[in-house]
Amino acid sequence: MKSSSMYIRINGLKLFAYHGVLPQENKVGAEYTIDLRLRTDFARAAENDELEGTVSYAEVYRSVKDEMQIPSRLLEHVIYRIARRLFDEFSALTEVNICLYKQNPPMGADCSQVGVEATYTR
């Protein structure tokens, strides 16, 4: 049996950070939600029930958390940095899809979240 595609999913990751164009956003900060879809071949791990042969969710979380702590003006820049770091640290990844949402954005609209999404390939 062979799988045609394999993804690791991390959805609804909540982090507090200081991103934004407005000076207030960099002082007060905001809550962010991240969804990740990471393409990798984890067939060996699936067969052997061993962490070797897949990507550790905990290590991915640490990398994302570290990048989120670096203030940026634009969410577009944040997801670019996260993708670049994940590719640098996890050679088994061939595709990274990231959705990053700012909760309660300060834009004068009745809106629960705004965000960006991109898919990067190696």
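This is a predicted model: local features need pLDDT of at least 70, side-chain atom pairs count only at pLDDT 80 or more; totals for chains, interfaces and linings use all residues.
The expected span of a helix is 1.5 Å times one less than its number of residues.

I checked α4, which has 15 residues. From its first C-alpha to its last, α4 reaches 21 Å, close to the 21 Å expected at 1.5 Å a residue.

Entry 2, the sheet. I looked up the strand order and found 4 strands in an open sheet, running β1-β2-β3-β4 with antiparallel pairing. The edges are β1 (7-17) and β4 (113-121), each of which pairs on one side only. From one strand to the next, the twist averages 15 degrees.

I took β2 (residues 30-39) with β3 (residues 95-103) and found 8 bridges in the antiparallel sense. I then asked which residue in β3 is the bridge partner of I34. The partner is L100.

I place α4 (residues 75-89) across β2, β3 and β4. Its reference strand for the angle is β4, to which α4 runs at about 35 degrees.

Which residues of α4 are buried? I list L75, V78, I79, R81, I82, A83, L86 and F87. I note that R81 is in this list. The buried residues of α4 pack against the strands β2, β3 and β4, and also against helix α3.

Methods
Residues are numbered from 1 along each chain as its sequence is written. Side-chain values use heavy atoms; hydrogens and water are left out. Two strands pair if DSSP finds at least two bridges between them. Axes are lines fitted to C-alpha atoms, for helices over the stretch in contact, and angles run from 0 to 180 degrees between N-to-C directions. Contact means heavy atoms within 4.5 Å. Buried means under 20% relative accessible area, exposed over 50%, partly exposed in between (1.4 Å probe, protein chains only).
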